[in-house]
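I opened my notebook to look up a few features of one structure. I wanted to write down what I found, entry by entry.

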Amino acid sequence: MSPAEANAPSQPPALLAVEGVTKHFAGVTALSDVSLEVRPGEILGLLGENGAGKSTLLKILSGVMPPSSGRIVFDGVEFNPHNPQDAKRLGIVTIYQELSLIPTLTVAENIFIGRAPLGPLGLVSWRKMEEDSRGIIARVGLDLDPATPVSALSVAEQQLVEIARALSLKSRLIIMDEPTSALTETEVQKLMSIMDRLRKDGVAIMFVTHRLEEASAICDRMTVLRDGRLAGHLDRDGGPIKLPKIIEKMVGRAASELYARPTQRDVAGDVRLSVRGLRTVRDPQAPHAIVLEGVDLDLKAGEILGVAGLVGSGRTELARAIFGADRIAAGTITLDGKPIAPASPADAIALGIGLVPEDRKHQAIFAALGILTNFSIAALGRYSNATGFMTERREREALASYRKTLSIRMASPEQPIEGLSGGNQQKVILARWLARDPKVLIVDEPTRGVDVGAKAEVHQILVQLAARGIAIMMISSELPEVLAVSDRIVTMRRGRITGEMPGIEATEEKLMELMALDQTQEAQNQEAMQ
Amino acid sequence: MTSTTEPSQRSGINVARLLMSFGPLMFLALLIVVFTVLKPSFIDPINIFNIMRQISITGLIALGMTFVILTAGIDLSVGSLLAFCGMVAAVVAKGGTANTLSLSTSGAQGYGWFAALLAAVVVGALAGGVQGFAITRLKVPPFVVTLGGLTVFRGLTLTISNGGPISGFDASMRWFGTGLIGPVPVPAIIFAIAAILCHIVLRYTRYGRAVYAVGGNAEAARLSGLRVDRILISVYVIVGFFAGLAAFVLSARLNSSEAVAGIGYELTVISAVVIGGTSLFGGIGSVGGTVVGAALIGVLQNGLQFNNVSSYTQSIVIGLILILAVAFDRWLKSRVRR
Amino acid sequence: MTSTTEPSQRSGINVARLLMSFGPLMFLALLIVVFTVLKPSFIDPINIFNIMRQISITGLIALGMTFVILTAGIDLSVGSLLAFCGMVAAVVAKGGTANTLSLSTSGAQGYGWFAALLAAVVVGALAGGVQGFAITRLKVPPFVVTLGGLTVFRGLTLTISNGGPISGFDASMRWFGTGLIGPVPVPAIIFAIAAILCHIVLRYTRYGRAVYAVGGNAEAARLSGLRVDRILISVYVIVGFFAGLAAFVLSARLNSSEAVAGIGYELTVISAVVIGGTSLFGGIGSVGGTVVGAALIGVLQNGLQFNNVSSYTQSIVIGLILILAVAFDRWLKSRVRR
Amino acid sequence: QDKLTILGSVPSLGFPFFVHMLNQIKAEAQAQGVNLTESDGQNSAPKQTADIEAALVQKVNAIVISPLDVNALAPAIEQAVQAGIPVVTIDRRVDGVEGILAHVGADNVKGGEAEAQAMVAAFPNGAKIFHLQGQPGAGPAIDRNKGVHNVLDPLKDKYQIVFEQTANFARAEALSVTEAGLAANGKPDAIICANDDMALGAVEACAARNFTDVKIYGFDALPEALVAVRDGKLAGTVEQFPGEQSRTAVQIAVAYAKDKTEPKEKLVLLTPIVIGKDNLDKAERLGETK
Ligand SMILES: Nc1ncnc2c1ncn2[C@@H]1O[C@H](COP(=O)(O)OP(=O)(O)OP(=O)(O)O)[C@@H](O)[C@H]1O
Ligand SMILES: Nc1ncnc2c1ncn2[C@@H]1O[C@H](COP(=O)(O)OP(=O)(O)OP(=O)(O)O)[C@@H](O)[C@H]1O
Ligand SMILES: [Mg+2]
Ligand SMILES: [Mg+2]
């Protein structure tokens, strides 16, 4: 035990102190004079709206980028990391918001990147590496072959792998930038208990999330950022920090209720989209994809259908199959009573179906291209004239209006979208589909990485769209969100629909039960199939 | 950083700023100044027009290549395809494969320049389309398909002409290579018009947006409803078309179509595009950049020849300056933010 | 999920499975069968050894190129660098730049084969290092840097030798190009050993895995604490080293270092790597694939020559078969899962 | 009994000169009633070496080869000689290999000298000269360059080479290079080119500037160049009699392969001449220009 610690038993000295850090980007001040402290054995929540500067601060701490000014002290010594390795050497381990796994390498290799276990002759021992990784990923509740390439994993699985890797490193400070954004309840619970254990072992954790319940449940203290400035600190005072207090600090005014349960809306619409006996086959290119097994589903005009399920339940596959992105083996899809067979997303879009995919980085954004291009790409026909020329004025006007309604924070329409915070990127993608005005809109994790305020706005928007008669299918791993906006909810497990209920009758408990059907029964089903 | 670009400034034309922010252009200006100081006659209109005529051949292909590289593709076959289209144009222009050697225009009794031009661009576009088809349907990477194309088209060309050239076209065809409009060489005018059209297509049309999107993220493009395969095929058709057009102009200029034409052009053409700032990984780049890139190479070669620098030294200098030009651009970009 | 490959199968050698899952290898086998049926003397050991000797030069460079391409880089300078290193080796072996044309070995009074070899590989590695430095520090894309290198090294080579060859090495040096160990040509043995070493390095060392990581996603690799710049520089050093080694073997084989050696090798070498399944976008590929790719090209050329196919037709056939080989591989991969 | 088979190998079929050479070899082989295995060196010494190796495996009865590089091809030729296969070299002579059956050639250095001498004869009072060289490093380019300089260097005072550049044996490049030369140096009296393709490129460049009286000299006497000579566009081109060389070489090789007939001469050297308007009939390929 260090002498400093002995001196102040009640209040251990800070492991990390950030003093007046400022960071400018081209034309943007992302952080301005931010100070905070993290002590060993505590979980510090770092909260703030999209674009508040959380990720920027964390990147500075992990040596990804230098601050424009300010001082960082780690373990009593001034700390100027020049690259991620400098931070790593001191025991600062980071889980980045944008996943930073190497897609072409296997799970095992990603976990052991740069430190593969060596066997005789000093050569890499693949056996040991894969064995060890099996144990490491099991800690976060993941059960897959470590020899699988990461490119074959779902976003959630990738996130778990990344968490597992971070946890397997020797660390004194773990920085987690939205580690739970793609996870469902079960995995989140598992992560929480691991974080708790780490805290007891004296590890300091900085934790960023937009799911405030999570933050409230686990954080000892919170630091809140607003527009790149420090908005204040919150302390656990006996009980967990209350949500309204957090929200007030974040947005600067008292908050209304977070997830307003919908009053029962009268969804009198006809069945718009109908799916019968939908099956998919294993695709050699994506051997780990869930195979759908006879899915039946109806989606009415003007209705929001929530789809709940655990990671790997096949929700994404269902969405992709309807959208024509994956091949269908059997089954029928009808739209407004007419059978359709979209062979590609282009077909589906032409029929009036839209999909906001779950993997923003790989499936939705054009990172280097401007916001304007990103916005209009699915509606090029709408913003061009008969001769194929873009009508840029209308395009810009449309973007400007969505910028206002969705409160997208951006510098200019030409700004590359990669310069936006994650939540703002998500809003641009939503705007992309709103601009198409689809008949059926499928949103897969629509609020992944979106802050509370904006999340409420997104929910509002979905409800408004539904009110205009659009049929909406919303896949979400956040049960409160599903409960908040769905008129009707179906649950999925292992490629099947396992239950259905009206939104107002649903509770988290009921849904959880349907999502996680009896495991042994499930195993039997599996055997019977083979 | 401190000085943010105001939106209003963006649309205004500000030459100094443009120069400052686009390294290759600045480098080009610098080279012209240096060569002019070394030998003032460098900047004689006659030499400038020479340079323009010289870069027009590879420049035309580079325009097409810009489309291809924007989609993160590549086309190595352009040099061979140029030779192939040129031979086709010659056969049409002369009315047969007979190896008519006369350089005099009177010997020609073929189908005229228009048929020759049409044949060249149609064959080029078709050949590009076939390659695009192999890329999208057979899922063979562009590098491999067009490398195959490189040897296939050369073999076909040699087979058609049995290794020899086909020479001697009529005056109306030759005009496209050697004619002048006012003082300006026709090939330079063709190149300029094509560059402007390409710029407009890429910058102001749906199709252009789609090309950038496919190069920026093909999967996201597909999920946004773009017909990615069609767009990919189309860019190879475009570069093939331009190879055909360039072939026609080159044959008209040389009064001869040679089986050995265009060897090594792929590298010159790709250099022009890449020096102009287009990323080989797709999604980033512009026609303006390509024009500057082509001009940079052209000025460099001409300027060194102009000063009768020995060919060995020329190689060394050209290599170093290409690297420097791009390094300088990167350095500028890292200083001045977009 | 239901039928996952069991780990035990992974290490076991299963030729049929390997063939089935790796298109180029199957294609290679097929070609060998076809050529043997056409002309049984094709698989005379002498011819097989000829092929092995023939592919060893570009094969060696392709090994180095595999490292480069795995990082999503490219090296276009290898052909020129080969000529440059060969000339350096010749100067060292002959003890001076005197354009000693005599083929008699007695004329040589230089520093011996070892010094020549050392000079070639050191110069190659240094040249690669300089290019790697320009790529990482000046942030110039590999394509541009090595394209510059292509012309610079050629210019330097021509300057050293004043255009001519340097010929006539002593028997000990020549052994590396023409000697036999048992019935096996020395170049083939050098290639085999180098291939095995490269395989081990890439597959079983941390360095090798880091190379894959950098190619898979450079930014993620940096975030994971890898020294990306150092790794990038190292792969250009490696390919330079192999260009030097190949230059030495080639000079020894031809008993002459030529200023025009290696022209166009970059495409052959890159083809071998790409046909072997290495992705130009980095992160995916293997040394085994490269060896198969090099062999495929070598067998194809030799086999066609063996059957007296006309040179023009050869071009056409080679181009088509390269495309087909890769298409076949893609087709297999889309059917059989890894 | 099986027909004899010979290998005919040329440096590169990318150049019309060698296409002609191979065609002549082919024709003569047919006339002699032997099979011919063709080989295109593709401008690469290893490739030409590999072709010889393949031919050795196939046990051809004789080899007729125009080596891309006299030094680099020496080992392969030596290998053939050691395998007991008669080798006849054309055009370029390989030194240092014992046992080559015969060499039939016209020296490129001599050709370069002839070309320069023709120019000197046309301008007895001196001239301003452009010189377009071949591909740097290539054998013929080196030799022809040497020949030109052998003649002109001693006459430096009268004959100034004001512009000397490579155009890589290519017509398009020669056109560009000549344009640059004309812009930089004004009109020359003569342009000496290391092959006909470049000469024809130079013709176009001069024509575009209306410099029709520049005397342009080519090399190889390709049919196209002969036409240009006839039309007065080229002042001359160097004839090396590749057809005669090739046919003679095949005759020697076949005679030996059939019944070990030793050639009358081991070294057949044809003297290169410059073809001008007045001696067009001496050109080997005049017939092809009809
Ligand atoms: N590379 C960059 N270039 C320019 N601006 C940037 C860059 N990275 C971040 N910014 C800007 O800095 C601000 C803070 O971004 P940051 O990513 O830190 O937000 P955040 O708090 O993590 O938001 P979110 O919750 O959405 O992830 C934003 O306005 C963003 O646009
Ligand atoms: N197009 C695809 N390519 C490769 N793998 C895919 C693809 N689509 C889905 N998968 C795989 O399907 C598996 C299960 O999908 P996924 O986990 O997305 O289902 P889900 O029910 O949508 O769950 P969640 O969205 O919560 O992650 C994952 O292992 C993922 O890798
Ligand atoms: Mg963030
Ligand atoms: Mg999902």
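**Entry: the model**

I noted at the start that this is a predicted model.

**Entry: ligand 1**

I began with the residues around ligand 1. There are 19 of them, and the nearest are Asn50(A), Ser55(A), Thr56(A), His210(A) and Gly419(A).

A polar side-chain atom of Thr56(A) is 2.5 Å from an oxygen atom of ligand 1. For His210(A), an N or O atom of the side chain lies 2.7 Å from a ligand oxygen. The side chain of Lys54(A) has an N or O atom 2.8 Å from an oxygen atom of ligand 1. I then checked how far ligand 1 is covered: it exposes 630 Å² when taken alone, and the protein buries 83% of that.

Which elements give two or more residues to the shell around ligand 1? I found strand 2 (28-38), helix 2 (54-61) and helix 15 (422-434) of chain A. Helix 2 of chain A contributes the most, with three residues. Sorted by class, the shell around ligand 1 holds five nonpolar, 11 polar and three charged residues.

Ser55(A) has 17% relative accessibility, so it counts as buried. Gln97(A) has a relative accessible area of 14%, so it is buried as well.

I also noted that Ser55(A) is listed among the residues that come nearest to ligand 1.

**Entry: ligand 2**

I repeated the search for ligand 2. Of the 20 residues around ligand 2, the nearest are Ala152(A), Glu157(A), Arg315(A), Thr316(A) and Glu317(A).

A polar backbone atom of Ala152(A) is 2.4 Å from an oxygen atom of ligand 2. From the side chain of Thr316(A), a polar atom lies 2.5 Å from a ligand oxygen. Glu157(A) has a polar side-chain atom 2.6 Å from an oxygen atom of ligand 2. Alone, ligand 2 exposes 600 Å², of which the protein buries 90%.

Two or more residues of the shell around ligand 2 come from each of helix 6 (155-168) and helix 10 of chain A. The largest share is that of helix 10 of chain A, with four residues. By class I wrote down eight nonpolar, seven polar and five charged residues for this shell.

**Entry: magnesium ion, ligand 4**

This ion is coordinated by OG1 of Thr316(A) and OE of Glu358(A), at 1.8 to 2.4 Å. The pair links distant parts of the chain, 42 residues apart: Thr316(A) belongs to helix 10 (residues 315-322) of chain A, and Glu358(A) to the loop between strand 16 (353-356) and helix 12 (360-364) of chain A. Both Thr316(A) and Glu358(A) are buried.

**Entry: aromatic rings**

I counted 29 aromatic pairs over all chains. In one of them, the ring centres of Phe35(B) and Phe42(B) are 5.3 Å apart and the planes meet at 40°, so the pair is tilted. Phe35(B) is buried at 5% relative accessibility, and Phe42(B) is buried at 1%.

I then looked at Phe328(C) and Trp331(C), an aromatic pair that is stacked, with 6.3 Å between centres and 25° between planes. These two are three residues apart in helix 15 (residues 311-335) of chain C, so about one helical turn separates them. Phe328(C) is partly exposed at 24%, and Trp331(C) is partly exposed at 48%.

I also found one aromatic cluster formed by Trp113(B), Phe114(B), Trp175(B), Phe176(B) and Phe248(B).

**Entry: helix 13 of chain C**

How many of the 11 residues of helix 13 (residues 265-275) of chain C are buried? I found 10, so the helix is mostly covered by the cut-off of under 20% relative accessible area. The buried residues include Tyr265(C), Glu266(C) and Leu267(C). Just after this helix, Gly277(C) takes a positive phi of about 95°.

Conventions
Residues are numbered from 1 along each chain as its sequence is written. Chains are lettered from A and ligands numbered from 1 in the order in which they are written. This is a predicted model: local features need pLDDT of at least 70, side-chain atom pairs count only at pLDDT 80 or more; totals for chains, interfaces and linings use all residues. Side-chain values use heavy atoms; hydrogens and water are left out. A residue is near a molecule or strand if one of its heavy atoms lies within 4 Å of it. A polar contact is a pair of N or O atoms within 3.5 Å; within protein, one must be able to donate a hydrogen and the other to accept it, and residues adjacent in sequence count only if both atoms are side-chain atoms. Accessible areas come from the Shrake-Rupley method with a 1.4 Å probe; for residues, only the protein chains shown count as cover. Ala, Val, Leu, Ile, Met, Phe, Trp, Tyr, Cys and Pro count as nonpolar, Asp, Glu, Lys and Arg as charged, and the others, Gly among them, as polar. Buried means under 20% relative accessible area, exposed over 50%, partly exposed in between (1.4 Å probe, protein chains only). Rings of Phe, Tyr and Trp (its six-membered ring) pair if their centres lie within 6.5 Å; planes under 30 degrees apart count as stacked, over 60 as edge-to-face and the rest as tilted. Donors are N, O and S atoms within 2.8 Å of the metal (3.2 Å for Na, K and Ca); water is not among the atoms, so sites may look incomplete.
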